Amino acid sequence: MEKKNIDWGNIGFGYRQTDYRYVSMYRNGAWDEGGLTTDDTVTLSECACVLQYAQTCFEGLKAYTTEDGHIVTFRPDLNAERMENSAKGLEMPPFPRDRFVDAVCEVVAANAAYVPPYGSGASLYIRPYMFGFDAVIGVKPASEYQFRIFTTPVGPYFKGGAKPITIRVSDFDRAAPHGTGCIKAGLNYAMSLHPIMEAHRQGFDENVYLDPATRTKIEETGGANMIFITKDNKLVTPKSDSILPSITRRSILQVARDYLGMETEEREVYLEEVPEFVECGLCGTAAVISPVGKIVDHGREICFASGMNEMGKVTKKLYDTLTGIQMGHIKAPEGWIKVIK
Ligand code: PLP
Ligand code: COI
């Protein structure tokens with residue numbers, strides 16, 4: 001199969017249309033059989049629930065070309081499970097988990113020409129999402145839904161690739177203590193648009209949000225969880241009910257323990273203890289592991305010993321092991337890699 005003529009090594013994290021997408025409709029209490037289409041547009045009622053009340057959730061995962069030429073994806077069963085939780089949290093009918101995984105495979109296989117080659121540093125980003133389709137004007141859930149998956153080839157989420165970024169402590173909150181922070185609801189991202197633009201205007205790459213109840217603990221950034229490394233090589237990551245349960249973070253914890261013999265701690269992380277860590281990173285599907293060189297808290301600079309030039313040593317080991325598993329040159333734990341073709 002001929003790959004598309006794309007400069008794979010120089011693509012950023014942007015939308016680039018591919019040939020096929022998957023669509024299924026929920027009507028009269030059931031999902032239809034669904035299938036692939038080349039139509040990249042959606043036509044909706046002006047009063048669709050998604051437009052009026054933001055009834056939408058999404059997922060993000062990637063497909064990779066392995067060293068031996070297969071196309072694979074990483075732990076899609078966990079995305080299926082999380083999307084079920086997101087749907088329930090927004091009173092939407094979950095798309096069945098096994099059908100989610102099958103649909104991911106079908107749409108990736110159909111767009112195989114867009115899966116970046118091994119070693120290019122790029123991957124095919126997969127975006128499953130669903131939304132309230134029919135008209136509602138009183139505040140209530142829709143009765144019809146559309147589930148879709150499109151794909152788009154992407155490079156690094158942050159411009160510099162593996163260069164450490166600078167993030168600021170946000171004055172805005174991301175999620176309420178008993179709100180929607182732990183599901184992947186579109187509304188969580190709508191509220192982050194103003195803070196992220198403010199951060200960019202002030203020269204920062206991202207925002208780190210604090211816990212909204214006490215504003216003393218680290219939660220996560222707009223699109224990734226956080227990891228920290230202690231002086232004595234321990235991996236520490238914030239535990240909170242109002243952050244997204246990142247599949248990358250859960251995988252990194254296991255990689256740190258089982259592949260690198262590190263101690264790991266999932267616990268509350270106070271902003272005041274952050275200067276004691278020697279390395280810091282953002283982790284997620286889009287972010288992979290993006291090193292953080294500096295956190296700025298209202299003018300106070302917290303600079304990590306790993307510096308602003310390159311990824312810290314421990315972060316690099318985690319990065320190499322995780323991506324090695326994803327790209328197929330390090331043996332994966334049972335069930336982590338789904339071979340598509
Ligand atoms: N946190 C937020 C707010 C995100 O948007 C994402 C991205 O999906 C993550 C964390 C990382 O989750 P995952 O590793 O499952 O992609
Ligand atoms: C992801 O990593 O898949 C995300 O959803 C983060 C961001 C692009 C919103």
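## Before we start

Because the model is predicted, local features need pLDDT of at least 70 and side-chain atom pairs count only at pLDDT 80 or more, while totals for chains, interfaces and linings use all residues. Residues are numbered from 1 along each chain as its sequence is written, chains are lettered from A and ligands numbered from 1 in the order in which they are written, and side-chain values use heavy atoms, with hydrogens and water left out.

## The cores

Let's begin inside. A nonpolar core here is a set of buried Ala, Val, Leu, Ile, Met, Phe, Trp, Tyr and Cys residues joined through side-chain atoms within 4.5 Å. Buried means under 20% relative accessible area, exposed means over 50%, and partly exposed is in between (1.4 Å probe, protein chains only). The largest core has 39 residues, and the members touching the most others are Phe100, Val108, Met130, Phe147 and Ile149. At least two residues each come from strand 1 (21-27), strand 5 (61-65), helix 2 (76-89), helix 3 (97-110), strand 7 (123-132) and strand 8 (145-154). Helix 3 gives the largest share, 7 residues.

## Helix 3

Helix 3 has 14 residues and reaches 20 Å from its first C-alpha to its last, close to the 20 Å expected at 1.5 Å a residue. That expected span is 1.5 Å times one less than the number of residues. Its buried residues are Phe100, Val101, Ala103, Val104, Cys105, Val107 and Val108.

Oxygen atoms of ligand 1 lie 2.6 Å from a side-chain N or O atom of Ser246, and 2.6 Å from a polar side-chain atom of Thr285.

Ser246 also turns up at the start of helix 6, where its side-chain oxygen reaches to within 3.2 Å of the backbone nitrogen of Thr248. In helix 6, the buried residues include Ile247, Thr248 and Leu253.

## Ligand 2

What surrounds ligand 2? Among its neighbours are Phe13, Phe58, Tyr125, Lys184, Tyr189 and Ala286. Polar side-chain atoms lie 2.6 Å from a ligand oxygen for Tyr125 and 2.7 Å for Lys184, while Ala286 has a backbone N or O atom 2.8 Å from an oxygen of ligand 2.

## Two threonines

Thr315 sits in helix 7 (residues 313-326). It is buried, with a relative accessible area of 1%. Leaving aside neighbours within four places in sequence, Thr315 is in contact with Ile229, Glu279 and Ile289.

Thr230 is in the loop between strand 12 (225-229) and strand 13 (235-238). Is Thr230 buried or exposed? At 14% relative accessibility, Thr230 counts as buried. Its side chain makes a polar contact of 2.5 Å with the side chain of Asp232.

Definitions and conventions. Helix = DSSP H or I, 4+ residues; strand = E, 2+ residues; numbered from the N terminus. Near = heavy atom within 4 Å. Polar contact = N/O pair within 3.5 Å; in protein donor to acceptor, adjacent residues only side chain to side chain. Contact = heavy atoms within 4.5 Å.
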